[in-house]
Amino acid sequence: MSFARLVLLKGGPSDAPQVVNAPFDGTGAPVKIAYGSGCEHYEFSGEYADIGEGPMPVYCWARHTPGAE
């Protein structure tokens with residue numbers, strides 16, 4: 001079962017959000033966020049970080065895809 005929770009994003013554009021509310025089902029499914037004129041793709045690192053909001057999954061930037069998908 002997937003549910004939305006805060007996830008920490010590392011890498012990608014420097015002015016992109018670092019914490020987003022994204023679907024997380026515990027399996028490590030990729031996260032895709034619309035940003036600028038395309039989408040930024042992040043993959044679960046298998047790690048969790050606590051930055052004051054409790055432990056949240058850490059996703060690392062994987063790639064950018066232009067335009068709508």
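How many bridges join strand 4 to strand 5, and do these strands run parallel or antiparallel? In this predicted model, ten bridges join strand 4 to strand 5, and the two strands run antiparallel. They belong to an open sheet of five strands, arranged in the order 2-1-5-4-3 with mixed pairing. The edge positions are taken by strand 2 (19-24) and strand 3 (31-35), each of which pairs on one side only. From one strand to the next, the twist averages 45°.

**Strand pairing**

- Strands of a sheet pair through backbone hydrogen bonds, in either a parallel or an antiparallel manner.
- Strand 1 (residues 3-10) and strand 5 (residues 55-66) run parallel and are joined by three bridges.
- Lys10 has Cys60, in strand 5, as its bridge partner.
- Strand 3 and strand 4 (residues 38-50) run antiparallel, with five bridges joining them.
- Ile33 has Glu40 of strand 4 as its bridge partner.

**Hairpins**

- The hairpin of strand 3 and strand 4 has two residues between the strands, and Gly36 takes a positive phi near 60° there.
- Strand 4 and strand 5 also form a hairpin, with four residues between them.
- In the turn of that hairpin, Gly52 has a positive phi of about 105°.

- Pro55 lies in strand 5.
- Pro55 counts as exposed because its relative accessibility is 53%, and the exposed class begins over 50%.
- When neighbours within four places in sequence are left aside, Pro55 is in contact with Arg5, Tyr48, Ala49 and Asp50.
- Gly38 is 17 residues from Pro55 along the chain, and the C-alpha atoms of the two residues are separated by 29 Å.

**Nonpolar surface patch**

- Leu6, Val19 and Ile51 form a nonpolar patch on the surface.
- Together, Leu6, Val19 and Ile51 have about 220 Å² of accessible area.
- Val19 counts as partly exposed because its relative accessibility is 33%, a value in between the limits of 20% for buried and 50% for exposed.

Conventions: Residues are numbered from 1 along each chain as its sequence is written. This is a predicted model: local features need pLDDT of at least 70, side-chain atom pairs count only at pLDDT 80 or more; totals for chains, interfaces and linings use all residues. Side-chain values use heavy atoms; hydrogens and water are left out. Two strands pair if DSSP finds at least two bridges between them. Axes are lines fitted to C-alpha atoms, for helices over the stretch in contact, and angles run from 0 to 180 degrees between N-to-C directions. Patches are made of residues with over 30% relative accessible area and no salt bridge: like charges are joined within 9 Å, nonpolar side chains (Val, Leu, Ile, Met, Phe, Trp, Tyr) within 5 Å. Accessible areas come from the Shrake-Rupley method with a 1.4 Å probe; for residues, only the protein chains shown count as cover. A salt bridge is a side-chain nitrogen of Lys or Arg within 4 Å of a carboxyl oxygen of Asp or Glu. Buried means under 20% relative accessible area, exposed over 50%, partly exposed in between (1.4 Å probe, protein chains only). Contact means heavy atoms within 4.5 Å.
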